[in-house]
Amino acid sequence: MTSIIEYFSELDFEFVKNSLWLLLTGAIVTLEITLVAVSFGVLIGLFVGMAELSSYRLLRIPAKVYVDIIRGTPLLVQIFIIYFALPNIINMRIEPYIAAVVACSINSGAYVAEIFRSGIQSIDKGQFEAGRSLGLTWSQTMKMIVVPQAFRRTIPQLGNEFIAMLKDSSLVSVIGFEELTRKGQLIIAATYRSFEIWAAVAVIYLVMTLTISRFVSYLEKKYNSKGHR
Amino acid sequence: MIVIKDLHKSYGANEILKGIDLHIKKSEVVVVIGPSGSGKSTLLRCVNYLDVPTSGSITINNETITRKTNINHIRAEVGMVFQHFNLFPHMTVLENITIAPVNVRKMSKEEANAKALELLKRVGLESKADSYPDQLSGGQQQRVAIARALAMEPQVMLFDEPTSALDPEMVNEVLDVMKDLAHSGMTMMCVTHEMGFAKQVASRVLFVDQGKILEDTTPKELFENPKHERTKEFLAKIL
């Protein structure tokens, strides 16, 4: 007991103040990789999600296999495969930044694909039929009628995916990519102030996730109120 | 205008349409009645290939629809109005009406907008151009849906139970628009339970039961002197 009290009485948050700028630059890198990964994820997810709904096996089956493999394996293992295993095969070193972006994008794509698939399936079939009955092509109907509605409807899940990716991106610290978690590790290696720095790192993550979830709620309200789209 | 020959449609083992032959001439208003599950909606949906027939042929404007037919061309000439309106909720009324003329007919935005406003005037909703569908009543939404279909200047209009989902006090505003349309010479095929409408404007009434056309005659003849037992039964139940 006394040792705990001693420990806490020795806490010195001056260290946090001194390394705050360093941590914040890490936070910006974390935001950046999340934004890039989820953007690619949305792009991949849109096509894979539609492929999953296709009546062509040649599209549907690879899409399902991709989604199953990515969702059924840990992101950490995916990062290792891309950073450590892939270079052996292609005989080329991969930069940590590239490996991190590729791994997170491929990972996000699978989750976003499922979000879009269920979003598109939730749109009333009559919407598609109305588009086609007017003479619009399949892709016009998808692009102008079905996907925009599915997108609006999936804003909450896309927001969750963004937040999940923001937190999971801390895993790329293991390949030396200097985002928020890695910056924390490096500061601790120099200062030995483990509790203060990890607490600060946690608070920074929390501020980011709470801000984003507020923003997503705002978007959700905006797009779901009458007459404002 | 529309020639249907020996049309069959099955869902798995379930045969919905069992050989339909039908010839609709220009400016005819054909009302299709029949019990639910008789195949009347499926028949209508086969005309613009929303449901693909199992066998038989459909010819619209001397063009017989085959696998090679560009179905979007056919659909552009065949307007359709749905039971549940199916307006696009993320677009304004004006956008709902102009989306097809702009993207299918390649009409300019200005021209399409002007035409849309004209059509909205025709259905009595020119003040609602900038509203969203969920701000309108059911009757108003269906009138917009009719304007949307008309914006393509179709040669035929299909109506699939257009008033079935409406509150009773809104049925007439939609029927009035349809009557106007009929009087203007539009070729129409209409599945409905509105017998008053059938009596007033139909050139022919078809009675469909169990996937077949049992009667194909004038409204006067069908309502006053039905030939089939099934028609008599059906009319006795609904009138």
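**Strands, surfaces and turns in chains A and B**

Trainee: Which residue of β9(B) is the bridge partner of V31(B)?

Mentor: Helices (H or I, at least four residues) and strands (E, at least two) are DSSP runs numbered from the N terminus, and two strands pair if DSSP finds at least two bridges between them. Strand β3 (residues 29–33) of chain B runs parallel to β9(B), and four bridges join them. In β9(B), the bridge partner of V31(B) is V205(B).

Trainee: What kind of model is this, and from which number are residues counted?

Mentor: The model is predicted, with local features needing pLDDT of at least 70 and side-chain atom pairs counting only at pLDDT 80 or more, while totals for chains, interfaces and linings use all residues, and side-chain values use heavy atoms, leaving out hydrogens and water. Chains are lettered from A and ligands numbered from 1 in the order in which they are written, and residues along each chain, as its sequence is written, are numbered from 1.

Trainee: Which residue in the turn between β9(B) and β10(B) has a positive phi?

Mentor: β9(B) pairs in the antiparallel sense with strand β10 (residues 212–217) of chain B, over five bridges, and D209(B) stands opposite K212(B). The two strands form a hairpin with two residues between them, and the turn residue whose positive phi is about 50 degrees is Q210(B).

Trainee: Why does K106(B) count as exposed?

Mentor: Most residues other than glycine have a negative phi, and most peptide bonds are trans. K106(B), which is not a glycine, has a positive phi of about 60 degrees and is found in the loop between α3 (93–103) and α4 (109–122) of chain B. K106(B) counts as exposed because its relative accessible area is 61%.

Trainee: Why is N61(B) called partly exposed?

Mentor: N61(B) lies in the loop between β4 (55–60) and β5 (63–64) of chain B, and its phi is near 55 degrees, a positive value in a residue other than glycine. N61(B) is called partly exposed because its relative accessible area is 35%.

Trainee: Which residue's backbone nitrogen does the side chain of T187(B) reach?

Mentor: T187(B) sits in strand β8 (residues 187–191) of chain B, and it is buried, with a relative accessible area of 1%. At 2.8 Å, the side chain of T187(B) reaches the backbone nitrogen of S27(B).

Trainee: What is the relative accessibility of F13(A)?

Mentor: F13(A) is found in the loop between α1 and α2 (14–52) of chain A. F13(A) counts as partly exposed, because its relative accessibility is 44%.

Methods
Buried < 20%, exposed > 50% of the residue type's maximum accessible area, 1.4 Å probe, protein only. Polar contact = N/O pair within 3.5 Å; in protein donor to acceptor, adjacent residues only side chain to side chain.
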